[in-house]
Amino acid sequence: MPNRPNILVIMADQFRASSLGLLGEDPVHTPHLDRLAAEGCLVRQAVSNYPVCSPHRAMFLTGMRPVDNGVTLNVNSETAQDGIGLRSGLDTWAGVLRRHGWRTGYIGKWHLEPPVDEDAEFGEGRRSDGKVWDAWSPPDRRFGFDFWYSYGAADRHLTPHYWTTRAGRHERVDIDQWSAEHETDVAIRFLQQSGDEPFALMLSLNPPHPPFELVPDRYRTRYAELDDATLLPRPNVRLGTETAHKAAGIARDYYAAVTGVDEQIGRLHAAVQACSGDRPTVIVFTSDHGMQMGSHELLYKNVAYEESMRLPFIVHSPQLVPAGESQVVVDSMDVAPTILGLVGLALGGDAVAGRDRSGALRGEPGGAGDDTAMYYRYASRSDPTSVRGLRTPQAKIVATWDPKDGLSVEVFDLDDDPFELSSRPQTGLATTMARMLHEALTAAGDDWAGADALADTYRLAPMNA
């Protein structure tokens with residue numbers, strides 16, 4: 001590609017798909033994202049394979065399954081004892097771009113570096129759960145990103161801190177500004193300083209991730225007086241319950257943060273237009289997962305329901321990707337191959353499981369291919385259950401294995417039941433979905449503990465047959 005495009009990837013933590021204002025689902029104001037979606041390609045079937053922070057981010061960068069990239073659980077001081085963290089030496093989309101002449105940069109939340117003892121002193125410190133989540137990332141573990149203005153996992157949104165490219169662990173920078181606004185300032189400076197060489201920048205914003213109340217007051221006004229029914233219009237939220245009441249309180253601040261993030265997107269878009277000149281630019285906006293916010297009597301994430309699993313995904317590049325909507329499935333592992341595919345490059349290695357969706361986004365015949373997405377949840381020290389699932393645009397199966405209680409299965413017809421109100425585990429659809437899941441596990445060599453029980457329940461051939 002002679003005129004190599006600039007690339008700007010924006011990830012807003014815990015920003016659920018229904019909080020794009022143009023969809024008319026959540027009562028939220030996002031005019032800048034709505035404009036990006038209208039001018040670009042809005043991917044309706046984007047999903048997180050593992051709707052929790054670290055596992056999604058590792059898949060997002062490498063295109064690999066959790067078991068192959070080393071991040072099967074959220075990264076913190078407890079899971080670090082079991083070796084959880086992004087494995088050294090792995091290639092990423094940033095590494096490929098850097099080797100081909102792009103200036104690469106990373107700003108904001110990383111959450112892939114296993115904390116060491118010193119991080120308890122120089123990072124955010126220990127949280128109330130006794131774990132250290134924040135960590136400094138050594139220069140040799142930045143996986144293709146040259147410019148660095150980042151932290152591990154810290155949630156003081158109004159008083160954030162960062163480590164710069166050459167800073168040691170003890171040299172963090174403390175800031176008195178809302179993190180999303182400050183990081184956007186840094187990103188704009190990066191764009192302005194890029195000169196004639198193409199850039200590839202990832203901006204990883206923490207809001208609207210909790211603590212929800214840490215959001216500037218100027219964004220709160222729009223949502224302060226909305227009642228519970230207006231804030232939580234989904235039919236799978238039981239209004240009047242304690243969970244719904246908590247969710248409504250969260251929603252006011254969550255939507256405020258979403259609107260604040262949207263304002264930063266507007267600033268970035270304007271900066272890109274001013275800096276890019278004749279060079280085409282690819283802007284990708286997405287998230288790592290959503291959240292339940294009262295749906296199914298749950299508040300947060302790490303479940304397979306649509307509120308947690310579905311992602312906003314916008315690709316804005318008028319010179320490379322036609323405007324419109326796409327129904328192609330794009331999951332966590334597909335992002336790295338797709339970003340590279342948009343600029344004519346590829347992510348090598350046998351362990352790469354993600355699919356290049358760039359052809360489908362460009363509208364090329366036969367570009368869609370397989371329309372399934374896996375769901376993963378691995379057992380931990382505190383929770384011995386593990387889950388595998390499979391989602392298509394029309395249906396979903398979620399199989400949970402408990403060493404004590406055995407297998408339980410949920411199956412949803414997403415065409416007839418988009419809010420997943422009624423599980424149908426004993427239907428023909430269930431058998432079809434179970435077979436698809438079992439075949440996917442077999443093809444991947446996934447030795448999930450519940451696979452044989454799944455085969456027995458639906459009379460499928462066992463994996464070792």
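Here are some numbered notes on this predicted model, going from its sheet to its helices and then to single side chains.

1. An open sheet is built from 10 strands, in the order 6-5-4-3-7-1-8-9-2-10, and its pairing is mixed. Strand 6 (173–174) and strand 10 (324–331) are the edge strands, each with pairing on one side only.

2. Histidine 161 has aspartate 174, in strand 6, as its bridge partner.

3. **A hairpin.** Strand 13 (residues 395–402) and strand 14 (residues 406–413) run antiparallel and are joined by 8 bridges. They form a hairpin, with 3 residues between the two strands.

4. **Helix 2.** How many of the residues of helix 2 (residues 53–62) are buried? The count is 10 of 10, so helix 2 is mostly covered, with buried meaning under 20% relative accessible area. Among these buried residues are Cys53, His56, Arg57, Met59 and Phe60. Glycine 63 follows the helix, and its phi is positive, near 75°.

5. **Helix 7.** Does the length of helix 7 fit its residue count, or is it out of line? Helix 7 (residues 179–192) has 14 residues, which at 1.5 Å a residue should span 20 Å; the end C-alpha atoms lie 20 Å apart, so the two agree. Because 11 of its 14 residues are buried, the helix is largely enclosed by the rest of the structure. The buried set includes His182, Glu183, Asp185 and Phe190. Among the elements that cover these buried residues are strand 3 (103–109), strand 4, strand 5 (161–164), strand 7 (199–205) and helix 9 (242–276).

6. **Aromatic pairs.** The structure holds 19 aromatic pairs. One of them joins phenylalanine 15 and phenylalanine 285 edge-to-face, at 5.2 Å centre to centre and with 80° between the planes. Phenylalanine 15 lies in the loop between strand 1 (6–12) and helix 1 (31–39), while phenylalanine 285 belongs to strand 8 (residues 281–286), so this pair ties together parts that are 270 residues apart in sequence. Phenylalanine 15 is buried, with a relative accessible area of 0%, and phenylalanine 285 also counts as buried at 0% relative accessibility. Tryptophan 110 and phenylalanine 145 make another edge-to-face pair, 6.2 Å centre to centre with 85° between the planes. Tryptophan 110 sits in the loop between strand 3 and helix 6, and phenylalanine 145 in the loop between helix 6 and strand 4, so the pair ties together parts that are 35 residues apart in sequence.

7. **An aromatic cluster.** Both tryptophan 110 and phenylalanine 145 are buried. They belong to one aromatic cluster, formed by Trp93, Tyr106, Trp110, Phe143, Phe145 and Trp148.

8. **Arginines over rings.** Two places deserve a look here. Arginine 103 lies over the face of phenylalanine 190, at 3.9 Å from the ring centre. Arginine 388 lies over the face of tyrosine 378, at 4.4 Å from the ring centre.

9. **Arginine 141.** Which side chain makes a polar contact with the side chain of arginine 141? The partner is serine 88, at 2.7 Å. Arginine 141 lies in the loop between helix 6 (119–122) and strand 4 (147–151). Its relative accessible area is 11%, so arginine 141 is buried. Leaving out residues up to four places away in sequence, arginine 141 touches Leu86, Arg87, Ser88, Trp110, Leu112, Glu113 and Pro114.

10. **Histidine 111.** This residue is found in the loop between strand 3 and helix 6. Histidine 111 is buried, with a relative accessible area of 4%. A polar atom of its side chain lies 2.8 Å from the backbone oxygen of valine 75. Residues that histidine 111 touches include Cys53, Ser54, Arg57, Asn74, Trp133 and Tyr151. Of these, Cys53, Ser54 and Arg57 are among the buried residues of helix 2.

Key
Residues are numbered from 1 along each chain as its sequence is written. This is a predicted model: local features need pLDDT of at least 70, side-chain atom pairs count only at pLDDT 80 or more; totals for chains, interfaces and linings use all residues. Side-chain values use heavy atoms; hydrogens and water are left out. Helices (H or I, at least four residues) and strands (E, at least two) are DSSP runs, numbered from the N terminus. Buried means under 20% relative accessible area, exposed over 50%, partly exposed in between (1.4 Å probe, protein chains only). A polar contact is a pair of N or O atoms within 3.5 Å; within protein, one must be able to donate a hydrogen and the other to accept it, and residues adjacent in sequence count only if both atoms are side-chain atoms. Contact means heavy atoms within 4.5 Å. Two strands pair if DSSP finds at least two bridges between them. The expected span of a helix is 1.5 Å times one less than its number of residues. Rings of Phe, Tyr and Trp (its six-membered ring) pair if their centres lie within 6.5 Å; planes under 30 degrees apart count as stacked, over 60 as edge-to-face and the rest as tilted. A charge sits over a ring if NZ of Lys or CZ of Arg is within 6 Å of the ring centre and within 35 degrees of the ring normal.
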